[in-house]
Amino acid sequence: AAAIGWTMMDAEPVGADASLLVRASEMNRPEPPPLPEESSMHLHGRVAMLLQIAMLQDANNRLEKVQSYTATFEKQERIDGELSEEQTMQLKLQHEPLSVYLKWEKGGEVGRELLFPISSEDSRLLVQLTKFGGRLPALKLEPSSTLAMSEARYPITMAGLRQMTQIALEIRQQALNLGERVHVEMRDDKTFAGRPVYAYAMTYADSADSEQYRKSIMYIDKQLMVPVHSRNYTWPDLVPSADPNNLDDTTLIESYA
């Protein structure tokens, strides 16, 4: 901070140069007052779809410049027809080369740790269980093995914000050609985890256009401009316990935040 402050110091008083005065006033300009509630944006149809695609493309470009990050990761998935409990993990992720560390804090097996890959020479994932006081030896698994995928819809190689953004972008680009067979809505007056977001909802009219997803919800953080929440719902005939009167709550297929 001291170094940054030193490099930003002017070599002469502000008043000695009109351009410096203008620059100083710009730097000290107060934040504009919040817009009134009625000025919120609410878009539908193709315009909303194109805006979401543009935001996802921008998010993908931003994330390609991020080497690593840490986050609190929350997920809930339907696996073999059963909806799991909500799970919260601490995540550390490096993009190139891909490296992922997870530690469960809530739901699932609290205290479990996962590391991928084990090393630059070993592309398996390492799982340290907490059963029996953590005395069991750590498991070394192939990322796409049956045991590794028994509690996840996607392999660990697809973890992270960048992968989620790329998958969402591909799905929406394909849906762009469906016209009125897919409905898209965007609102900019929502919040997630106390932060303002752009909220998108995309709903398909027929399963012929989307075999797996009936409806998708996505929140894009207004400051970070990257997706921070994705929630997807499947078709009721794929979930025996689906309730027509409570469709969203009973057809959730995956939720990531």
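This briefing describes strands, nonpolar cores and aromatic contacts in one protein structure.

The model is predicted: local features need pLDDT of at least 70, side-chain atom pairs count only at pLDDT 80 or more, and totals for chains, interfaces and linings use all residues. Residues are numbered from 1 along each chain as its sequence is written, and side-chain values use heavy atoms, leaving out hydrogens and water.

- Strands (E, at least two residues) and helices (H or I, at least four) are DSSP runs, numbered from the N terminus.
- Two strands pair if DSSP finds at least two bridges between them.
- Strand S5 (residues 99-106) pairs with S6 in the antiparallel sense over four bridges, and Val100 stands opposite Phe116 in S6.
- The hairpin of S5 and S6 has six residues between the strands, and Gly107 takes a positive phi near 75° there.
- S6 also pairs with strand S7 (residues 125-128), in the antiparallel sense over three bridges; here Glu113 stands opposite Gln128 in S7.
- In a regular strand the side chains alternate between the two faces of the sheet.
- Buried means under 20% relative accessible area, exposed over 50%, and partly exposed in between (1.4 Å probe, protein chains only).

**Nonpolar cores**

- A nonpolar core is a set of buried Ala, Val, Leu, Ile, Met, Phe, Trp, Tyr and Cys residues joined through side-chain atoms within 4.5 Å.
- The largest nonpolar core has 23 residues, of which Met49, Ala175, Val182, Tyr198, Met202, Tyr204 and Ile220 touch the most other members.
- Helix H3 (45-64), helix H4 (161-175), strand S9 (182-192), strand S10 (195-204) and strand S11 (215-221) each supply at least two residues of this core.
- H3 gives the most to this core, with five residues.
- Apart from this core lies another, of 14 residues, among them Tyr69, Leu102, Leu141 and Ile156.

**Aromatic rings**

- Rings of Phe, Tyr and Trp (its six-membered ring) pair if their centres lie within 6.5 Å.
- The structure holds three aromatic pairs, and ring pairs link Phe73, Tyr154 and Tyr256 into a cluster.
- A charge sits over a ring if NZ of Lys or CZ of Arg is within 6 Å of the ring centre and within 35 degrees of the ring normal.
- Lys215 lies over the face of Tyr233, at 5.8 Å from the ring centre, and the charged end of Lys222 sits over the ring of Tyr198, 5.3 Å from its centre.

How values were computed
Phe/Tyr/Trp six-rings, centres within 6.5 Å; stacked < 30°, edge-to-face > 60°.
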